[in-house]
Amino acid sequence: TCLILGCMIYPDGWDSDEVKRMCGEQTDKYTLGACSVRWAYILAIMGIMDALILSFLAFVLGNRQDSLMSEELLGDSKSI
């Protein structure tokens, strides 16, 4: 959640004076003007997507595994 929050808040600072001095006066919040986003920010977004997809996949496959287990194994685990 911190990575998601950081990636959402990061472009909010693009309207600061230092960024406007480097990237031009047309720079505003969530608009970079003459500058471009480099690979680190794009990789962070891809990492967020990867985490969301893999967590959903783990949840789905975990539930599927429970339904595929035989009744004998489920009965033994409940008696412990």
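A disulfide, as the word is used here, is a pair of cysteine sulfur atoms within 2.5 Å. By that rule the count in this predicted model comes to one disulfide, and cysteine 23 and cysteine 35 are the partners, with an S to S distance of 1.7 Å. The torsion about their S-S bond is about -95°, so the disulfide is left-handed. Cysteine 23 lies in helix H2 and cysteine 35 in the loop between H2 and H3, so the pair ties together parts that are twelve residues apart in sequence.

Before we walk on, a word on how to read the model. Residues are numbered from 1 along each chain as its sequence is written, and side-chain values use heavy atoms, with hydrogens and water left out. Because the model is predicted, local features need pLDDT of at least 70 and side-chain atom pairs count only at pLDDT 80 or more, while totals for chains, interfaces and linings use all residues.

Now for the overall layout. The protein has four helices and zero strands, where helices (H or I, at least four residues) and strands (E, at least two) are DSSP runs numbered from the N terminus. Along the sequence this reads as α-α-α-α. Of the 80 residues, 11% count as buried; buried means under 20% relative accessible area, exposed over 50%, and partly exposed in between (1.4 Å probe, protein chains only). The accessible surface of the protein comes to about 6,700 Å², with 64% of it belonging to carbon and sulfur atoms; these areas come from the Shrake-Rupley method with a 1.4 Å probe, and for residues only the protein chains shown count as cover.

Elsewhere, cysteine 7 is buried at 8% and cysteine 2 is exposed at 66%.

Threonine 27 counts as buried, at 1% relative accessibility. Its side chain reaches the backbone oxygen of leucine 32 at 3.2 Å. Leaving aside neighbours within four places in sequence, threonine 27 is in contact (heavy atoms within 4.5 Å) with Trp14, Val19, Lys20, Leu32 and Gly33. Tyrosine 30 is also placed in the loop between helix H2 (17-23) and H3, and has a positive phi of about 60° although it is not a glycine.

Lysine 29 brings us to charge pairing. Side chains of opposite charge can pair when their charged atoms come close. Which residue forms a salt bridge with lysine 29? The partner is aspartate 12, the closest N and O atoms being 3.4 Å apart; a salt bridge is a side-chain nitrogen of Lys or Arg within 4 Å of a carboxyl oxygen of Asp or Glu. The pair links distant parts of the chain, with aspartate 12 in the loop between H1 and H2 and lysine 29 in the loop between H2 and H3, 17 residues apart. A search of the whole structure finds one salt bridge. Aspartate 12 is partly exposed at 30% relative accessibility, and lysine 29 is partly exposed at 42%.

Finally, look at the surface. Ile4, Leu5, Met8, Ile9, Ile45, Met49, Leu52 and Ile53 form a nonpolar patch with about 750 Å² of accessible area together. Helix H1 (2-9) and helix H3 (39-68) are the elements that give two or more residues to this patch. Patches are made of residues with over 30% relative accessible area and no salt bridge, with like charges joined within 9 Å and nonpolar side chains (Val, Leu, Ile, Met, Phe, Trp, Tyr) within 5 Å. Leucine 5, in helix H1, is partly exposed at 49%.

Key: A polar contact is a pair of N or O atoms within 3.5 Å; within protein, one must be able to donate a hydrogen and the other to accept it, and residues adjacent in sequence count only if both atoms are side-chain atoms.
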